[in-house]
Amino acid sequence: MSELFIYTDGACSGNPGPGGWGALLLAKEGGKLLKSRELCGGEADTTNNRMELTAAIEGLNALERPSSVTVITDSNYVKDGISKWMHGWKRNGWKTAAKKPVKNVELWKALDEAQARHQVSWKWVKGHAGHTENELADDLANKGMKPFKA
């Protein structure tokens, strides 16, 4: 049985500013690569956190059928938001513990919906630390941002 992995990253030139997201989808069996797919895109005026979230959403939505998948991100914001904070936000009507509206709520809701049809494990890796797949996701995010940079 193959294993699925999605490596995600977001990039922003200025925060806010032009930004990009990248997702690298890999299917492996016994450590051997079976299939890979690269996705990227961007926006003219966004934030790094929005691009990190978008990368995860787009990666999960690209899966053609419900799957067991590991999403690897270098964003603590994404990993902690989805695995630690979201349950409380939903319980509190999408408000933080301080009773303030959750930032990027539409993207958090989209991520919640995107992951609902899959069995997802979330993993964090240190960014810009020579992790090959994370570096490729970073390259994709920068590629996605390129058309929006002046």
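Analyst: For the classes used below, Ala, Val, Leu, Ile, Met, Phe, Trp, Tyr, Cys and Pro count as nonpolar, Asp, Glu, Lys and Arg as charged, and the others, Gly among them, as polar. The model is predicted.

On one side of the pairing is strand E1, residues 3–12, which is antiparallel to E2 and linked to it by ten bridges. Within this pair, Ala-11 lies opposite Gly-20 of E2. Four residues separate the two strands in their hairpin, and Gly-14 in that turn has a positive phi of about 90°.

E2 also pairs with strand E3, residues 32–46, again in the antiparallel sense, through twelve bridges. Here Glu-29 is opposite Lys-32 in E3. The hairpin of E2 and E3 has two residues between the strands, and Gly-30 has a positive phi near 60°.

These strands also contribute to the largest pocket: E1, E2, E3 and strand E4 (68–73) each provide at least two of its lining residues. The pocket holds about 520 Å³ of space. Its lining has 20 residues, and those nearest the centre are Leu-4, Ala-27, Leu-63, Arg-65 and Ser-67. Sorted by class, the lining consists of nine nonpolar, six polar and five charged residues.

Key
Residues numbered from 1 in each chain as written. Predicted model: local features only at pLDDT ≥ 70, side-chain atom pairs only at ≥ 80, totals over all residues. Heavy atoms only, no water. Pairing = 2+ DSSP bridges. 1 Å grid on protein atoms, 1.4 Å probe; cavity = no way out; pocket = protein on both sides within 12 Å on 5 of 7 lines; lining within 4 Å. Points joined across faces, edges and corners; volume = space filled by probe spheres on them.
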